[in-house]
Structure formats: C-alpha cells, structure tokens
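Student: Hi! Could we go through the spaces and the core of this model together?
Tutor: Happy to, let's bring it up.
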Amino acid sequence: MNATSIRATLLNTTVIVSALGYFVDIYDLVLFSIVRVASLKSLGVPEDQLLEVGIYLINMQMTGMLIGGLLWGILGDKRGRVSVLFGSIVMYSLANIANAFVTDTQTYAILRLIAGIGLAGELGAAVTLVSESLPKETRGYATSFVAGFGVSGAMLAAVVGQKFSWQTAYVVGGVMGLMLLVLRVRMLESGMFATMKTHASVKRGDFLMLLTSRKRLSKYLSCILIGIPIWFVIGILVTFSPEIAKELGATGPVSAGSGILFCYMGLVVGDIGSGVLSQKLKSRRIVVFGSILATLGLIVLFLFSRGRSPDYYYFLSFALGCAVGYWALFVTIAAEQFGTNLRATVTTTAPNFVRGSVVLVTMLFQQMKGSHGLVSSALYIGIGCVVVSLIALWRLKESFGRDLDFVEDASTA
C-alpha cells in the first residue's frame, strides 16, 4: 500500500468527520472521571464518600451505554449509520450541557445515564460507516485514525477539566458536539447498507439473530471479551489511581485527571500503532495478542510499584494506554466478523458492553477491597480480565482483508 493511497484514505470526508465525532465523544465520556472529585465536593459530598458516590455515578453512565448500545446498534442496521450519528450526538451534547447546572447527586446520576445512552452510538456507527465506505486494503488505516484521533479528545478533557471549573468543562463538551452537527450534514450513507436496504427479505438489526445461533453467539461474545482488559485499565486502574497509589505508599498525591491524560496519550499511540502494525503484518489477532500480554505485564508492574513518585505512576499510565491501544482493532474486528444486516448492531453493542463491564468489575472491586485491599483486589481482577480476553481471542478467526459485502442468514443455526 503506497503513501498516496493511505493519504487519500485519511483525507476522506467520512473518515475526518467520524474522527472529529469520536473526539467529542471521548471528551464527554471521560470528563466525569476527570472532574469527579471537584464536582462531588462542590455538591457537598463528604470526603470519605467520594469513592463510593463516584463509583455509583460511573455505573449510571455505563448502564446508559449498555442501553444505548442496543438502541443505537439496532437503529443503525434498521434506519442507517448516519441517522445514528446525528441522534446520538444531539442526546449526549444536551445532557452534558445540563450536567453543568446540577445541584444534587441524584440529578447528576440521571443526566450521566442519559449522556451514557447518547455516547453509546458514536463509535460503532462511525467504524461501521468507515469500514463499509473504504476498500478492504485501507480500512485498517482509516479505523485506526478515527480511534487514534478520537481518543485524543480525552487529553483536551483533562486540560479543560483541570484549568477551568467542572461546570465550564461540561458546557465546552456539549457545545463542541452541537457544532459538529453542521459537518455531519455532508456525510453520505454507506453504499453497502443502501443496497441491502432494497432487499426486503433481509432481516436487519435483529438482535435475536445473535442469540439464536450458537456460532454467531460464540463469535459475538468473543468479540466483546477481547476488549475487557481495556476498560479494566481505564475504569479501575487509572480512574481510581489516586486511591490505589496512596495505598501503594506514593511519595505524593496522584491526580486522576493527570493519570487519564497520560493514559489517553498512550491510547493515541497504541491505536495508531496497532492499526498500522496490523496492516503491515496482515493480521489483527497477532497484534491484539501482543497488546494483551503487554497489558498483563504492566498491570502487575503498576500494582507492585510501591513508594514511587506520582510521575512514575503517570509514566505507567502512559505505558498502559499504549498497551490497551488495541481499541481500534477490537472494534474493527467486530465490524469484520458480521454481515451488513447485523454489523452496526454488533459494532455498536460490543464496545458498549465492554464499557458496561465496568459496572460488574467495579461491583466486584467494591466487594473484594474490604477483605483484600485495593491493590490485591485490582491485581486479581486484572489478571482475570486478561485470561478471559486471551481465551476469547483464541476462539476468533482472523478477519484481516475480509470482504464485508455479505449478509447474515437468519436461518443459519
């Protein structure tokens, strides 16, 4: 693949607008983790309840993403990919503006739930649209660019969240989303979807098709489970790094906002690097396998690093971000495994079920930390997430270079 072809791929309007949309999505997605302490203190939450209330609000947001994943995924296959990109961004942008005006934690929780529902639609619809709009030889570069540029939105969130009030940070995210709607007007629907839509006999967006076929269900679950370590790192290790580093005897306070900033800097490097490497090696599975093993090593290193400086933990957050930067490949694999009539459903629900897994992981974390402590609990859960993901990866077939112009047969068991 020559440089001219790659450049043409990245300068495609669909790719650029999708990348900008995911940038805003990630900004809003991680913003609560950054302003968690400041916003909760402002609402009068006592110091000793910041962790518990923070977990509750994160779980509300992630529950919303589970609901939204199903909603937008099914709509993406029934109504089209572009309609999802419009609807989801309106919902989460308005919800985030409203977050700036909350005066109690219950209203805060409801708005995080609504924002989560909206945030769930962006990535899956964007990757589906990009994957179906570009040649199979270049789609890996395109999806990596969308994800790599998109996750850099977390860096802006960290800067805005630390330099301005938490209310201002929410308004900035909401306004950026509404401004992006102007660019979305120029986006065209996927040709594959438009062609499939003319065939009335093809069942579109039928989630039950994933559950009633043993082969499809196994493949679908595997697509989800390979991403579990990514959100363990982001949702537990980095988000609660202030509390974990304190138990590890850090020489100074560790900021969750700074940890997320460095982690997402690593994610930008990892997403782009893993995507390019998979194109060079002509394999998604090999690169994901190496990334998961690197993640395991860094989880262990992080949780055995006692008495280190905050800068050391920030460096490990960056390294962990690089390791779990196979997020783009994870979503691309999901898109490549299924036919056009189920692709948006799978590609939208899979990342949101991974994000939603934080709810179960944080519940387990809360249950275990009382008897095992923060550090040991995080270690045991992290190792478990890695083992599950490796088994899931082993069960998936290589999808590099697959022609995506096919549909799933409803009669296939």
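Tutor: A definition to start: on a 1 Å grid over the protein atoms alone, a pocket is an open set of points with protein on both sides within 12 Å along at least five of seven lines, while a cavity is a set where a 1.4 Å probe fits but cannot get out; lining residues have an atom within 4 Å of a point. Grid points are joined across faces, edges and corners, and a volume is the space filled by probe spheres set on the points. This is a predicted model, where local features need pLDDT of at least 70, side-chain atom pairs count only at pLDDT 80 or more, and totals for chains, interfaces and linings use all residues. Residues are numbered from 1 along each chain as its sequence is written, and side-chain values use heavy atoms, with hydrogens and water left out.

Student: What volume does the largest pocket have?
Tutor: About 480 Å³. Its lining has 22 residues, and Arg36, Val37, Pro242, Glu243 and Val254 lie nearest the centre.

Student: Which helix gives the largest share of that lining?
Tutor: H2, with 6 residues; helices here are DSSP runs of H or I, at least four residues, numbered from the N terminus.

Student: And the second largest pocket, how does its lining divide by class?
Tutor: That lining has 2 nonpolar, 5 polar and 9 charged residues. Asp, Glu, Lys and Arg count as charged, Ala, Val, Leu, Ile, Met, Phe, Trp, Tyr, Cys and Pro as nonpolar, and the others, Gly among them, as polar. Lys215, Lys219, Gln337, Lys397 and Arg402 lie nearest the centre of this pocket, which has a volume of about 370 Å³.

Student: What about the largest nonpolar core, how many residues?
Tutor: It has 132 residues, and those with the most contacts inside it include Trp231, Leu237 and Trp327. Such a core is a set of buried (under 20% relative accessible area, 1.4 Å probe, protein chains only) Ala, Val, Leu, Ile, Met, Phe, Trp, Tyr and Cys residues joined through side-chain atoms within 4.5 Å.

Student: Which residues is Leu237 in contact with, leaving aside neighbours within four places in sequence?
Tutor: Among them are Ile244, Phe302, Leu303 and Ala378, where contact means heavy atoms within 4.5 Å.

Student: Last one: what is the mean pLDDT of the chain?
Tutor: It is 91, on the predictor's confidence scale from 0 to 100 for each residue.

Definitions and conventions
Buried means under 20% relative accessible area, exposed over 50%, partly exposed in between (1.4 Å probe, protein chains only). Helices (H or I, at least four residues) and strands (E, at least two) are DSSP runs, numbered from the N terminus.
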